[in-house]
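Student: Could you show me how to read helix packing and nonpolar cores in a model like this?

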Amino acid sequence: MAKNTYELGLGLTEEHRALADSVRAFAERTITSDHVRTAVESTSEDKFPPFWDALVSQDLLGLHIPEDKGGHGAGLLTLAVALEALGRTAAPGPFVPTALSAALVAAADSKVGIEVMPGLLDGSHTAAVALGRPLDASAREGGYRVTGVADAVLGGEHADILLLPITVGDDVRWAVVDSADVTVTVQDGIDVLRGSTRITVDAVHVGADRILDGLSAQRVRSVATVVLGAEAIGVMSWCVSTASEYAKTRVQFGRPIGQFQGVKHKCAHMGIALEKARAVLWDAASALDNGDDTADFAADIAAVVVPDAAVQCAQDCIQVHGGIGFTWEHDAHLFYRRALAIRGLLGTREERATRVADQSLAGIARTSELELPGEAEAIRAEVRAELAPLVGLDEDDQLIALGDGGWVQPHLPKPYGRSASPLEQIVIAQEIKAAGIPMPQLLMGGWAVQAVVAHGTDAQKRDLAVPTLRGDLVWCQLFSEPGAGSDLASLTTKAEKVDGGWTVTGQKIWTTVAQFSDWAMLIARTDPSRPKHEGITYFVLDMSTPGVTVRPLREMTGSALFNEVFLDDVFIPDENVVGNVNDGWNVARTTLAGERVALSQKMEAYATDKDLLQFARGRDLGPLARFRVGELVAESQAIDLIGARIVLKQLSGADVSTTSSAGKLLGMGLGQSIAEFVVAELGAAGAVSIPGEPSDKAMEQLIAGRATTIYGGTTEVQLNVIGERMLGLPRDAQGVS
């Protein structure tokens, strides 16, 4: 089983960010709408667009080329950053096919690079790559005689040299051919800004010194995925920003259309797709730069995710714009055409997904190891030494030591946590796992502790936070109500002031483990005269208090994890108010949760990629099932990478709220999709539980997994949040999000 552990190259450096800003500013200033529109309507046979010299002067053509071959040695990831910025312009011209050709020539072990590379890097010559079927070749006099036709060669019309795949025996090799030696025919391509051509080769002799040795068809595909995929992400970026800006300003029925959930959710899905595409594309670029054993696998993952996401984003951009988006004068169709052309060049989705499935089923995987700064090792040594005495303790003593030592929630301030920075949190999590120390499962108690520590009194911290961190108290959350759902501010539960405390009356629902809980977090309305999000107070409630009735709700699974809770004149003393009276909304929202480093976005309690591969390996899968396995593996990898990006952002002090929301939304749906696939693939056997067989676990995961897109904020509410916070779309008219 092949497995590669790699250091994540997902955290863009300050240099990358500066480059992106510089290229984007240059592109917006230099590659104008007039240039683009002139190119659309032009019948000119000019080789270079008007801005070519200015673009070449930015010295971008050699960004990714090694220094010993005349370039800057910055790698494909740096080129990808620049290409995304350029991709936002839908620029005409030969830059992308030439940059791709140069990357392939540089990746080969061949002297032909000495001949052709200088012209490619200084912009005096251009090149194009054929990515379709290989041409026939037969050995002849120190080289090969090549015959055949290559269609849809991007940028081939004005290319000085062509990189053509040829069949030599059972292998596919790559030949560098001068355009003067072949017939070039312009084709009517879907991308009206960048022409494609048919290359006809008729018994052309290609010397052995013009063969790109050491360059496999797989590696060509991988490099092409990164280069073309980076431009596709630029397309997506333009589509997301253009659609969301239009949704903010276009008014229909007296409201900005971005306020309508149909539009808001479409834009949110576009933003999520962009986050996912960036994560896998940057990972593939970094893997190729680092020479990882699984670099081609990473590129295949990107090939599954990016091209179709770009097409979908472009389609949705047109849809958001409505009729104006379908006009020739609007630029939306130019980006749609660019996305379609890129997707076509990278092969069918079936081919791309099946490659991922084949490699995954053969045991190829990518596991991540965060590249931590040098100071992590000093922290690690200290943490390891402090944890060592805990390893030999019995379970009860170990739980006490974990709680009192601040290990359970290390991000909390001392003495409840360790005031740990994001870097320290990562090291602590790694060392606890390495030591094999089981952590207490706080469940809702994790949220309770954060609220109490952030806003509670010293007595509340002593009597509630400390025993919770030791694993002595079980908590539930009395927030949701039958008529409110995810709209927590629409509370009807009332708390009336009485001597020494408050009398609470109301009903709560969807309360996890309430039947087993010692304490509850409770929000109730204490001043109905105040605005909706005011007049709410946050309480902690002893669940043994008279007047508290818990009724388990039997779920689809047949078990009862959730409950409804009735509060009939329940007395809560003043000392159980957390924070200030009527400020409970802020207490509920303003906790320390944002400072905690979350290392996974997956719902590990439900179906995962491990379950998927365990089911699929050794099974006789049909083509459709194999294709679906590839899609699910790619989705799982994307979620892992988004989770890693969140951690890296936290390490740099960046805001992670929107990226985290996107990762959570994707993670919620993954388990559902995997369980659904397994049960559907089993056919009739998936409808019965057979102990020890895949159906036994899959049925349970399928039924239980339906809850993942409901609790903690439904998918629809999450999309509202993402649309508003990530894209700046207007809040819902009713203010429910």
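Tutor: Let's take helix pairs, then cores.

Tutor: This is a predicted model, where local features need pLDDT of at least 70, side-chain atom pairs count only at pLDDT 80 or more, and totals for chains, interfaces and linings use all residues. Residues are numbered from 1 along each chain as its sequence is written, and side-chain values use heavy atoms, with hydrogens and water left out.

Student: At what angle do H12 and H14 pack?

Tutor: Axes are lines fitted to C-alpha atoms over the stretch in contact, and angles run from 0 to 180 degrees between N-to-C directions. Helices are DSSP runs (H or I, at least four residues), numbered from the N terminus. Here H12 (residues 376-387) meets H14 (residues 422-435) at about 45°, axes 9 Å apart.

Student: Which H12 residues make the contact?

Tutor: Contact means heavy atoms within 4.5 Å. On H12, Ala-376, Ile-379, Arg-380, Val-383, Arg-384 and Leu-387 make the contact; their partners on H14 include Leu-423, Val-427 and Ile-432.

Student: And how do I read a core?

Tutor: In soluble globular proteins, nonpolar side chains tend to be buried together. A nonpolar core is a set of buried Ala, Val, Leu, Ile, Met, Phe, Trp, Tyr and Cys residues joined through side-chain atoms within 4.5 Å; buried means under 20% relative accessible area (1.4 Å probe, protein chains only). The largest has 146 residues, of which Phe-95, Leu-212, Cys-239 and Val-629 touch the most other members. Leu-212 touches residues including Leu-104, Trp-174 and Val-176, not counting those up to four places away in sequence. Apart from that core lies another of 45 residues, among them Trp-407 and Val-540.

How values were computed. Helices (H or I, at least four residues) and strands (E, at least two) are DSSP runs, numbered from the N terminus. Buried means under 20% relative accessible area, exposed over 50%, partly exposed in between (1.4 Å probe, protein chains only).
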